Amino acid sequence: MPELPEIETIRRGLEPLLTGRTLTGAVARVASLRRPLAGDLGRRLTGAVVGAVERRGKYLLLRCSTGTLILHLGMSGHLHLVERGTAPGRHDHLDLLVDADAVLRLTDPRRFGTVLWTGEDPLHHPLLAGLGPEPFAAALSGTYLEEKARGRRLAVKSFLMDQKTVAGIGNIYASESLFVAGIDPRRPVSALTLQEHDRLCAALRTVLAEAIALGATTLDDFSRPGGKPGYFDLRPRVYGRAGEPCTVCGAAILTLRQGGRASFFCPFCQS
DNA sequence: AGTGCGGCCTGTCCGC
DNA sequence: TGCGGACAGGCCGCAC
C-alpha cells in the first residue's frame, strides 16, 4: 500500500522517536507475514541501540549497533509507537519492545509486510540488492531510464512500477507521474524518446516531492493511537478518478488494467 | 531474459 | 439487509 512518500514520512516520524533508544525484545502474534518471522527475532535484536532510521525504496531500515532491522509494510502496514501495556488490536501482529516503556507496533491487516533482522549490510540483502536508484539520487536521469528501457517492449507504466527501474514507485505515483509527463501509460517503454525520459524523470520527482511535503503535515499523528501517520489525503490528478474531468483539459479520465493493476490517464493530455 | 500471471491475506465497496 | 464478487497504494515465484 504505502509507496515511497508514505514510507519517507514514516521514516521522518520515527527517526526522532527511536534514535538512541534500545530494542529490548519482540512479541510476535503470528508466525509469519509475507514471509516467516524469525522465531528468535526478539533474542537477536535485544540490546541493539538504534543509530539511524533510513529508507531504501519502500523499505525502512532501523540501523542498530548490532545489526539492521528491515521492515516492509506491504499494502496495509502501519507502525505506531505506543506505551508498553497498550492492548493489541486484531491486526497488531508484531511488537518491537523499545527500552522498558515503549512498543513499536506493526499493524498489518493483509499481512503482506516483511520484517527481517540482518547482521550484514542490508543494502546487500537479496531483497534490496536489485533495487533501482532512489528517485532523488543523481543516478536517476532521463539517460538512465532510456538505457534501462532499451530493447524492452513492456508498457512504460509497468516499467515504472518495477522496483529494479526506480525504487519506491507504486501504482498511484506511476499513474500520476505519467500524467504530469504527458505520456500514455500504454506506450512500449523503448519507444520513448530521450526527451520523454527526461520529462518522466522530472515528473517522478515533482509528484513524489509534493506527496512528501503533504506527508510532513501528518507527522504529529505519529504516536496517536489510531492515527495513520504517512497515509495522507492525496489529491490525485488521475489516480482513482475514472470518468471525472481531467484537471487540465476537462476530458473524462480513462482507466484500464495493466499487469493486473488499474491505470488512470487522460486520453488527450497523454500521448 | 523478459514478461505476465497467480497467489498471498483481509477489508471494503458495489451490484443484485 | 445479505450475499457474492471484484478490487485494494506490493511483491515473489513460476510458467511461458
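Author: What follows goes through the DNA contacts and then the helix packing.

This is a predicted model, in which local features need pLDDT of at least 70, side-chain atom pairs count only at pLDDT 80 or more, and totals for chains, interfaces and linings use all residues. Residues are numbered from 1 along each chain as its sequence is written, chains are lettered from A and ligands numbered from 1 in the order in which they are written, and side-chain values use heavy atoms, with hydrogens and water left out.

Start with DNA strand B. A residue counts as near a strand if one of its heavy atoms lies within 4 Å of it. Around DNA strand B these are Arg34, Arg90, His91, Pro109, Arg110, Arg111, Phe112, Arg152, Arg153 and Leu154. By class, that surface has six charged, three nonpolar and one polar residue. Sugar or phosphate supplies 58% of the atoms of DNA strand B within 4 Å of the protein, and bases supply the rest.

Now the polar contacts (pairs of N or O atoms within 3.5 Å). An N or O atom in the side chain of Arg152 is 2.7 Å from a phosphate oxygen of DNA strand B. Arg153 uses a polar backbone atom, 2.7 Å from a phosphate oxygen of DNA strand B. Arg110 reaches a base instead: its side chain has an N or O atom 3.2 Å from a base oxygen of DNA strand B.

One of its polar side-chain atoms lies 3.2 Å from a base nitrogen of DNA strand C. On the phosphate side, a polar side-chain atom of Arg261 is 3.1 Å from an oxygen of DNA strand C.

DNA strand C has 22 residues around it, and Glu6, Arg34, Lys58, His72 and Tyr239 come nearest. Sugar and phosphate make up 55% of its atoms within 4 Å of the protein. By class, the surface has nine nonpolar, eight charged and five polar residues.

Met161 sits in helix α5 (residues 156-161). Contact here means heavy atoms within 4.5 Å. The C-alpha atoms of Met161 and Asn171 are 6.7 Å apart, with the two residues ten places apart along the chain.

Last, helix packing. Helix α1 (residues 4-18) packs on α7 at about 40°, with the axes 9 Å apart. Axes are lines fitted to C-alpha atoms over the stretch in contact, and angles run from 0 to 180 degrees between N-to-C directions. In α1, Leu4, Pro5, Glu8, Thr9 and Arg12 meet Leu208, Ala211, Ile212 and Gly215 of α7. By class, this contact has five nonpolar, two polar and two charged residues.

Technical notes
Polar contact = N/O pair within 3.5 Å; in protein donor to acceptor, adjacent residues only side chain to side chain. Nonpolar A, V, L, I, M, F, W, Y, C, P; charged D, E, K, R; others polar. Helix = DSSP H or I, 4+ residues; strand = E, 2+ residues; numbered from the N terminus.
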